[in-house]
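Trainee: I would like to learn how to read a protein model step by step, beginning with the whole and ending with single residues. Could you take me through one?

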Amino acid sequence: SAARRQDAMARREGSAKNVLDAESAALAALEKILQEPTQFLKLCRELSDCQSAEQPGQLTGDLGWIGRGQLEQSLEEVAFGLSTNGIGDIVTTSRGVHIIQRLG
């Protein structure tokens, strides 16, 4: 929706209020995901403000195969710290707030 995109744009601009709002929304999303971990992709598509959530056939926020040094450090630490199929806590980066599931 336009409001969701507007919120995402404001968050990328980095005001503290918007970051706190994004983190609050991500925590609520994470609670839903942890209640139904097998529904991770479905819930991400419903709850995400990532542009990939709106593209048919694309996995929401799918990073593909990544190696060390390819992501911001905070994101990389969580991604490589998870076991296969593990779901991490929220991670705040310069690009927004993220919830990660490691698939491989």
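**Reading the model from surface to core**

Mentor: The protein exposes about 7,000 Å², and carbon and sulfur atoms supply 52% of it; such areas come from the Shrake-Rupley method with a 1.4 Å probe, and for residues only the protein chains shown count as cover. This is a predicted model, in which local features need pLDDT of at least 70 and side-chain atom pairs count only at pLDDT 80 or more, while totals for chains, interfaces and linings use all residues. Residues are numbered from 1 along each chain as its sequence is written, and side-chain values use heavy atoms, with hydrogens and water left out.

Trainee: What is the mean pLDDT of the protein, and where is confidence lowest?

Mentor: pLDDT is the predictor's confidence in each residue, from 0 to 100, and where it is low, the predicted coordinates should not be read in detail. Here the mean is 76, and 72% of the residues reach 70 or more. Confidence is lowest in helix α1 (residues 2-12), at a mean of 44, and highest in α4, at 91. Over residues 1-14 pLDDT stays under 50, and for this stretch the model has 15 contacts beyond four places in sequence, a contact being heavy atoms within 4.5 Å.

Trainee: How many helices and strands does the protein have, and in what order do they run?

Mentor: Helices (H or I, at least four residues) and strands (E, at least two) are DSSP runs, numbered from the N terminus. This protein has 4 helices and 2 strands, and from the N terminus on the order is α-α-α-α-β-β.

Trainee: How are β1 and β2 joined?

Mentor: Two strands pair if DSSP finds at least two bridges between them. In this model β1 and β2 run antiparallel and are joined by 5 bridges, with a hairpin of 2 residues leading from β1 to β2. One of the pairs is Ile 87 with its bridge partner Gln 101 in β2. Strand β2 is also mostly covered, since 5 of its 6 residues are buried; buried means under 20% relative accessible area, exposed over 50%, and partly exposed in between (1.4 Å probe, protein chains only).

Trainee: Which residues form the largest nonpolar core?

Mentor: In soluble globular proteins, nonpolar side chains tend to be buried together. A nonpolar core is a set of buried Ala, Val, Leu, Ile, Met, Phe, Trp, Tyr and Cys residues joined through side-chain atoms within 4.5 Å. The largest one here has 12 residues, including Ala 22, Ala 29, Ile 33, Phe 40 and Ile 99. The elements that give two or more residues to this core are α2 (16-35), α3 (40-47), β1 (87-93) and β2 (96-101), and α2 supplies the largest share, 5 residues. A second, separate core of 6 residues includes Leu 75, Ala 79, Val 91 and Ile 100.

Trainee: What does Ile 33 touch, not counting residues up to four places away in sequence?

Mentor: Ile 33 touches Phe 40, Leu 43, Cys 44, Ile 87 and Ile 99. Ala 29, which lies in helix α2, is buried, with a relative accessible area of 12%. With residues up to four places away in sequence left out, Ala 29 touches Leu 47 and Ile 99.

Trainee: Which residues of α3 and α4 are buried, and how are they placed around each axis?

Mentor: An α-helix has 3.6 residues a turn, so residues three or four places apart point the same way. In α3, Phe 40, Leu 43 and Cys 44 are buried, and they lie on the same side of α3 because they cover an arc of only 105° around the axis, the arc being that of the directions from the helix axis to the C-beta atoms. In α4 (residues 73-81) the buried residues are Leu 75, Glu 76 and Ala 79, whose arc of only 95° puts them on the same side of α4. The face turned away from that buried side carries the exposed residues Gln 73, Glu 77 and Gly 81, while the cover over the buried residues of α4 includes β1 and β2.

Trainee: Where does Asn 85 lie, and what is its phi?

Mentor: Most residues other than glycine have a negative phi, and most peptide bonds are trans. Asn 85, in the loop between α4 and β1, has a positive phi of about 70° although it is not a glycine.
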